Amino acid sequence: MKVLIPFYSMYGHIYRMAEAVAEGVREVSGAEAVLRRVPETLPNEVLQKMGAVEPQKAFAHIPVCTVDELADADAIIFGTPTRFGNMCGQMRQFLDATGGLWVKGSLVGKAGGVFTSSATQHGGQESTILTFHTFLLHQGMVLVGLPYAFAGQMRIDEITGCSPYGASTIAGGQGERLPSENELAGARYQGKYVAEIAAKLKG
């Protein structure tokens with residue numbers, strides 16, 4: 001059973017969360033986690049000015065995702081940073097290329113989930129995942145979030161991401177905050193949970 005994890009990461013926060021999601025997937029017997037980057041749309045000189053070229057070297061070895069890989073997967077867990085309460089443009093452009101899959105119904109019945117990050121504590125993490133869910137619904141996918149069985153999202157002793165909609169992390173205004181252990185635990189839980197549901201759907 002293949003669980004595809006297509007993600008976009010500018011400074012590495014979503015990549016680290018994607019790795020944790022993959023760790024959770026691998027806890028399920030017979031589940032294979034496949035990490036993929038969605039294609040970059042910004043020119044290198046712009047990335048250079050944004051200080052993103054150096055951080056992106058850490059995950060440059062991850063192959064770039066193709067649309068056909070979505071159809072080949074048994075489940076898909078998407079990772080995107082938040083841009084003004086919505087997914088990033090790179091992910092949007094990638095999803096806009098899936099019209100052929102929609103026509104064929106290639107994603108119908110597959111388990112799907114979303115994880116995200118934002119600069120600030122209330123920077124649109126929930127709205128990003130919820131608006132992303134509309135894509136999954138249009139493709140006929142089965143939505144999988146992060147249930148309250150993951151008690152880490154109810155913590156009030158520390159600032160943390162994660163909600164019933166999916167795992168998330170707070171990156172800080174300058175990208176200075178790395179995902180916390182609680183946020184990574186949420187990502188692992190979501191990865192395992194999606195894989196477990198995908199296994200049941202696969203029958």
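Residue C88 is buried (under 20% relative accessible area, whereas exposed means over 50% and partly exposed lies in between, with a 1.4 Å probe and protein chains only), as its relative accessible area is 0%. The model is predicted, so that local features need pLDDT of at least 70 and side-chain atom pairs count only at pLDDT 80 or more, while totals for chains, interfaces and linings use all residues. Residues are numbered from 1 along each chain as its sequence is written, and side-chain values use heavy atoms, with hydrogens and water left out.

A disulfide is defined as a pair of cysteine sulfur atoms within 2.5 Å. The closest cysteine sulfur to that of C65 belongs to C88 and lies 13 Å away, which is too far for a bond. C88 is in no disulfide, its nearest cysteine sulfur being that of C65. The count of disulfides under this rule is zero.

Helices (H or I, at least four residues) and strands (E, at least two) were taken as DSSP runs and numbered from the N terminus. Helix α1 covers residues 13-26, a total of 14 residues. From the first C-alpha to the last, α1 reaches 20 Å, close to the 20 Å expected at 1.5 Å a residue; the expected span is 1.5 Å times one less than the number of residues. Ten of the 14 residues of α1 are buried, and the helix is thus mostly covered. Among these buried residues are H13, I14, Y15, M17 and V25. The buried residues of α1 pack against the strands β1 (2-7), β2 (32-37), β3 (75-83), β5 (111-118) and β7 (168-170), and also against helix α8 (181-202).

Pockets were located on a 1 Å grid over the protein atoms alone: a pocket is an open set of points with protein on both sides within 12 Å along at least five of seven lines, and lining residues have an atom within 4 Å of a point. Grid points are joined across faces, edges and corners, and a volume is the space filled by probe spheres set on the points. The largest pocket has a volume of about 350 Å³. It is lined by 19 residues, of which Y11, R83, A119, A171 and G172 are the closest to its centre. At least two lining residues come from each of α1, β3 and β5, and β3 gives the most, with three. For the classes, Ala, Val, Leu, Ile, Met, Phe, Trp, Tyr, Cys and Pro count as nonpolar, Asp, Glu, Lys and Arg as charged, and the others, Gly among them, as polar. On this basis the lining of the largest pocket holds seven nonpolar, eleven polar and one charged residues.

The second largest pocket contains about 240 Å³ of space. Of its 15 lining residues, Q121, Q125, E126, C162 and S163 are the closest to the centre. Two or more lining residues are given by each of α7 (125-138) and β7. The lining of the second largest pocket divides into four nonpolar, ten polar and one charged residues.

S163 is placed in the loop between β6 (142-143) and β7, and counts as buried at 6% relative accessibility. Apart from neighbours within four places in sequence, S163 is in contact (heavy atoms within 4.5 Å) with E126, L146 and Q153. L137, by contrast, is exposed, with a relative accessible area of 53%, and is found in helix α7. The C-alpha atoms of L137 and P179 are 28 Å apart, and the two residues are separated by 42 residues along the chain.

Technical notes. 1 Å grid on protein atoms, 1.4 Å probe; cavity = no way out; pocket = protein on both sides within 12 Å on 5 of 7 lines; lining within 4 Å.
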